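Please look through the sequence and the structure shown below before reading on.

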Amino acid sequence: MAELPLKQMPKRLLALSLLYAAAAVSGLIAKQGEIFCILTLLMVVAILARQRAGLWFLRGYTLVQLALVSLMPFILDQGSNVSTGPNSLNLGGMELKLSDYAIFAMLILLSMVQVWLAFTPKVAQWFKRTQSFNLMQ
């Protein structure tokens, strides 16, 4: 009986998938952007199942986030005309206040890591799955 060769999932892709899953679950718990959170969870499932659609979804998600990050200088230039969102974070009863620039810097760093990860050949090889319709294997 022939066995299919199993490759290990790249650790960076696993870490990014866990980050996406945690963000989606927290969004569902907070009841904000439910459809977006469900789509993100579907993307994580497709990544774990090595589906080609998972790779396309990951790359599309990355390009959309890169486009939004590209608009950040424009958003920062608007000043008080645009609400940029909360700038405080509560962790374990300790409140951290961050400037908008620090939050945007973290988002830019995350998007750079996503672009680097989504377009590497090692990640693309993870999604190459041989299709076999042989039921006896």
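**A walk through the predicted model**

Just after α2, Arg50 takes a positive phi of about 60°, where helices (H or I, at least four residues) and strands (E, at least two) are DSSP runs numbered from the N terminus. This is a predicted model, in which local features need pLDDT of at least 70 and side-chain atom pairs count only at pLDDT 80 or more, while totals for chains, interfaces and linings use all residues. Residues are numbered from 1 along each chain as its sequence is written, and side-chain values use heavy atoms, with hydrogens and water left out.

In the protein as a whole, the secondary structure comes to 6 helices and 2 strands, and from the N terminus on the elements run α-α-α-α-β-β-α-α. Buried residues make up 26% of the 137 residues, and of the contacts with a separation of 6 or more, 66% join residues 24 or more positions apart.

The largest nonpolar core has 17 residues, among which Leu13, Tyr20, Met43, Ile47, Leu58, Val123 and Phe127 touch the most other members; such a core is a set of buried Ala, Val, Leu, Ile, Met, Phe, Trp, Tyr and Cys residues joined through side-chain atoms within 4.5 Å. At least two residues of this core come from each of α1 (11–29), α2 (34–48), α3 (52–70), α5 (100–118) and α6 (121–126), and α1 gives the most, with 4 residues. Leu58 shows how these parts meet: leaving aside its neighbours within four places in sequence, Leu58 is in contact with Leu13, Leu16, Tyr20, Met43, Ile47 and Ala118.

Ser17 lies in helix α1 and counts as buried, at 3% relative accessibility. Beyond four places in sequence, Ser17 is in contact with Met9, Val44 and Ile47. Lys128, by contrast, is found in the segment after α6 and is exposed, with a relative accessible area of 55%. Not counting residues up to four places away in sequence, Lys128 touches Arg50 and Arg52; Lys128 and Arg50 are 78 residues apart in sequence and 7.4 Å apart in space, C-alpha to C-alpha.

The UniProt record, in an unreviewed entry, places the feature "transmembrane region" at residues 33–49, 56–76 and 101–119, although such annotations may be inferred rather than shown by experiment. In the model, residues 33–49 are 88% helix and 0% strand, with end C-alpha atoms 24 Å apart, and residues 101–119 are 95% helix and 0% strand, with end C-alpha atoms 27 Å apart.

How far to rely on each part can be read against pLDDT, the predictor's confidence in each residue from 0 to 100. The protein averages a pLDDT of 79, and 77% of the residues score at least 70. Among the elements, α2 has the highest mean pLDDT (90) and strand β1 (residues 88–91) the lowest (62). Over residues 1–5 pLDDT stays under 50, and the model has 2 contacts beyond four places in sequence for them.

Technical notes: Buried means under 20% relative accessible area, exposed over 50%, partly exposed in between (1.4 Å probe, protein chains only). Contact means heavy atoms within 4.5 Å.
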